[in-house]
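Here are some notes to read alongside the structure.

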Amino acid sequence: MTPIETADRAQVLVEALPYIKRFYGQKIVIKLGGNAIEQRKQETLLDVVLLRYVGMNPVLVHGGGPEITAMGERLGLKAEFKNGLRVTDAKTMEVVKMVLTGKINPDLVASLNRLGAQAVGMSGEDGPSIIADALDSDLGFVGKVTQVNSEPIEALIGRGYIPVLASIGLGYDGNAYNINADTVAAEIAVALGASKLILLTDVAGVLDRSGQVINELKRDEATRLIGDGAVSGGMIPKLQACLRALDAVPFAHVIDGRTPHSLLVELFTDHGIGTMVTP
């Protein structure tokens, strides 16, 4: 290694120090999107382990849209979406639970444990930590969060574990509900009093009409983008989640989970990546 390379590496660590101090002991809620999980799983989980070892308290919330769609198609179920949300009948709900709690969640937990962390998997039905109600009768078993019981999550954090939550809630009617993972992450961030909400997705960030990434969005600007139709599809629930989080969380971020070590770049560098939504 040359002296220049050594100096460059040292500068990276020096640049990260203020952020490590600032967020030491703080809760960081991170939503892992299905595509981000697939393309950069190892790097992303390494980032999460590093956050824990430098004294932060990461909480992971995951979806699994691509895998749910693939499994549904193998079982003869055609995926249907309305406003970026999956229409979920009873058979599709069975697939959702099978994929999220039977495959993705334990895989993430096992991977984190192999990388040296202590992780525990759960869904919103456990505890129950997420109480839900039907969002819209046209969507079937798609839920909206009506209450978060943060005690089971706080208990895991207090004992040094990384909670990994699948985005399923339990209804007062006893049914399980499929909830958009961005929405769940926002509600968890609010309930925990997190310092940041970070949504990992498969685009570079929130884009303007010319296709350029918007580096920073104020709350009213984000609201206007939704109202004007400047964002569509899956970006709508992401921006709505950011706006909800800002009720109690200082910063919300939409970043590209396909970028290697995107979490570290966002948290520990002066410029970061993606879009930051602020009050």
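1. A word on burial first: a residue counts as buried when its relative accessible area is under 20%. By that cut-off, 9 of the 11 residues of α8 are buried, so this helix is largely enclosed by the rest of the structure. The buried residues of α8 are M235, I236, P237, K238, L239, A241, C242, L243 and A245. Please keep in mind throughout that this is a predicted model.

2. The axes of α7 and α8 (residues 235-245) come within 10 Å and cross at roughly 155 degrees. Angles over 145 degrees count as roughly antiparallel, and that makes α7 roughly antiparallel to α8. The crossing of the two, α7 and α8, is left-handed.

3. Which residues in α7 and α8 meet? From α7 come R219, A222, T223, L225 and I226, and from α8 come I236, L239, Q240 and L243. By class, the residues of this contact of α7 with α8 divide into 6 nonpolar, 2 polar and 1 charged. Of the α8 residues that take part in the contact, I236, L239 and L243 are listed among the buried ones.

4. Helix α7 (residues 219-228) also leads us to a sheet: it lies across β12 and β14 (275-278), running at about 90 degrees to β12. Both strands belong to an open sheet of 8 strands with the order β5-β8-β2-β1-β11-β13-β14-β12 and mixed pairing. Its edge strands are β5 (119-123) and β12 (216-218), each of which pairs on one side only. On average, and ignoring direction, neighbouring strands of this sheet are turned by 20 degrees against each other.

5. Strand β2 (residues 57-62) pairs with β1 (residues 27-32) in the parallel sense over 6 bridges. N57 in β2 is the bridge partner of K27, and I30 stands opposite L60 in β2. To its other partner, β8 (residues 162-166), β2 is joined by 3 bridges, and these two strands run parallel. There, H62 stands opposite A166 in β8.

6. Is β2 buried or exposed? Of its 6 residues, 6 are buried, so β2 is largely enclosed by the rest of the structure. In a regular strand the side chains alternate between the two faces of the sheet. Here N57, V59 and V61 point one way from β2, while P58, L60 and H62 point the other way.

7. As for neighbours, 5 bridges join β11 to β1, the two running parallel, with L199 in β11 as the bridge partner of K31. With β13, β11 pairs in the parallel sense over 6 bridges, and L200 stands opposite I255 in β13.

8. There is another sheet to visit. Its 4 strands form an open sheet in the order β7-β6-β9-β10, and the pairing is mixed. At the edges stand β7 (143-148) and β10 (176-178), each with a single partner strand, so one side of each is left without a neighbour in the sheet. Neighbouring strands of this sheet are turned by 50 degrees against each other on average, direction ignored.

9. Within this sheet, β9 (residues 168-171) and β10 pair in the antiparallel sense over 3 bridges. Y177 in β10 is the bridge partner of G169. A helix covers part of the sheet's other end: α6 (residues 181-192) lies across β6 (130-134) and β7, running at about 10 degrees to β7.

10. Most residues other than glycine have a negative phi, and most peptide bonds are trans. A cis peptide bond joins G127 and P128, with omega about -10 degrees, and P128 lies in the loop between β5 and β6. H261, which is not a glycine, has a positive phi of about 55 degrees. The place of H261 is in the loop between β13 (251-256) and α9 (262-268), and at 31% relative accessibility H261 counts as partly exposed.

Terms used. Residues numbered from 1 in each chain as written. Predicted model: local features only at pLDDT ≥ 70, side-chain atom pairs only at ≥ 80, totals over all residues. Heavy atoms only, no water. Pairing = 2+ DSSP bridges. Axes fitted to C-alpha atoms, helices over the stretch in contact; angles between N-to-C directions. Contact = heavy atoms within 4.5 Å. Buried < 20%, exposed > 50% of the residue type's maximum accessible area, 1.4 Å probe, protein only. Parallel < 35°, antiparallel > 145°, perpendicular 65-115°, else oblique. Left-handed = near helix turned anticlockwise from the far one by under 90°. Nonpolar A, V, L, I, M, F, W, Y, C, P; charged D, E, K, R; others polar.
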